[in-house]
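Look at the chain below and follow it one region at a time.

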Amino acid sequence: MKELASFMPALSRVQMLVLDVDGVLTDGRLYYGARGESLKVFHVRDGHGIKEVAAAGITVAIISGRKSAAVTRRARELGIRHVIQGATDKLASLTKLTTARSLSFDQCACVGDDTPDAPVLRVAGVAIAVADGHRDALAVADLVTSRPGGSGAVREVCDWLLDARRRRA
């Protein structure tokens, strides 16, 4: 991993934070109830960080390969309006989001944990993998969180973004 300090200028230019769900906002495990419903566990500190970066003017988006009512609900609770679920091509989804927001990939910080996230991480202005990410995500990441997915990794990234903005001001 490269030094965080060397990425502060790039972090200060971020206009959109793009998050994967399973393995980033959650610990990657899938829980099924007795009636077959899928359950996900989200970390409250991640949610608080997301609200803080949104309040600072950074758009937050979710691109997930799976579809889940729990993700829809959590995104609504956090005020995340840009949610793409069931994405089979995450790079195409990112392109759609950046085009709609008139942003470049360089203005995005993307957080992922596994092989399907690697194409998005490769083009992001700041590519971030969670500490317990798969080697394919870790290999293309500029930065790696100290926290694993679902355990405050997103909050850590949000703090980096907010610190970078404060240093720029």
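S102 sits in the loop between α4 and β6. The model is a predicted one, and in it the phi angle of S102 is near 55 degrees, a positive value in a residue that is not glycine. Most residues other than glycine have a negative phi. Is S102 buried or exposed? S102 counts as exposed because its relative accessibility is 65%, and the cut-off for that word is over 50%.

R81 lies in the loop between α3 and β5, the strand of residues 82-84. With a relative accessible area of 70%, R81 is exposed. From the C-alpha atom of R81 to that of A153 the separation is 21 Å, and the two residues are 72 places apart along the chain. R29 is placed in the loop between β1 and β2. R29 has 52% relative accessibility, so it counts as exposed.

Another arginine, R74, belongs to helix α3, which covers residues 69-78. Its relative accessibility is 17%, and therefore R74 counts as buried; buried means under 20%. Which residues does R74 touch, leaving out those up to four places away in sequence? They are F42, H43, V44 and G47. One of these, V44, falls within helix α2, which runs over residues 44-55.

On the surface, Y31, L39 and V41 form a nonpolar patch. Together these three residues have about 260 Å² of accessible area. Y31 is part of strand β2, made up of residues 31-32. Y31 counts as partly exposed because its relative accessibility is 32%.

The next topic is charge. Side chains of opposite charge can pair when their charged atoms come close. How many salt bridges does the count give? The count comes to 10 salt bridges. Three of them are described here, starting with the one between D22 and R66.

In the salt bridge of D22 with R66, the closest N and O atoms are 3.5 Å apart. This pair links distant parts of the chain, with D22 in the loop between β1 and β2 and R66 in the loop between β4 (59-63) and α3, 44 residues apart. How covered are the two partners? D22 has a relative accessible area of 14%, so it is buried. R66, with a relative accessible area of 35%, is partly exposed.

R155 and E52 also meet through their side chains in a salt bridge, at 3.9 Å from N to O. Here too the pair links distant parts of the chain: R155 is in helix α7 (residues 153-168), E52 is in helix α2 (residues 44-55), and they are 103 residues apart. E52 counts as partly exposed because its relative accessibility is 30%.

Another salt bridge joins K90 to D117, whose closest N and O atoms are 2.6 Å apart. K90 is in helix α4 (residues 90-100) and D117 is in the loop between β6 and α5; the pair links distant parts of the chain, 27 residues apart. Both partners, K90 and D117, are buried. Salt bridges with shared partners join D20, K90 and D117 into one network.

The largest cavity holds about 60 Å³ of space.

The largest share comes from β6, which supplies three residues.

Conventions
Residues numbered from 1 in each chain as written. Predicted model: local features only at pLDDT ≥ 70, side-chain atom pairs only at ≥ 80, totals over all residues. Heavy atoms only, no water. Patch = residues over 30% accessible without salt bridge, like charges linked within 9 Å, V, L, I, M, F, W, Y side chains within 5 Å. Areas by Shrake-Rupley, 256 points an atom, 1.4 Å probe, with all protein chains shown as cover. Salt bridge = Lys/Arg side-chain N within 4 Å of Asp/Glu carboxyl O. Helix = DSSP H or I, 4+ residues; strand = E, 2+ residues; numbered from the N terminus. Buried < 20%, exposed > 50% of the residue type's maximum accessible area, 1.4 Å probe, protein only. Contact = heavy atoms within 4.5 Å. 1 Å grid on protein atoms, 1.4 Å probe; cavity = no way out; pocket = protein on both sides within 12 Å on 5 of 7 lines; lining within 4 Å. Points joined across faces, edges and corners; volume = space filled by probe spheres on them.
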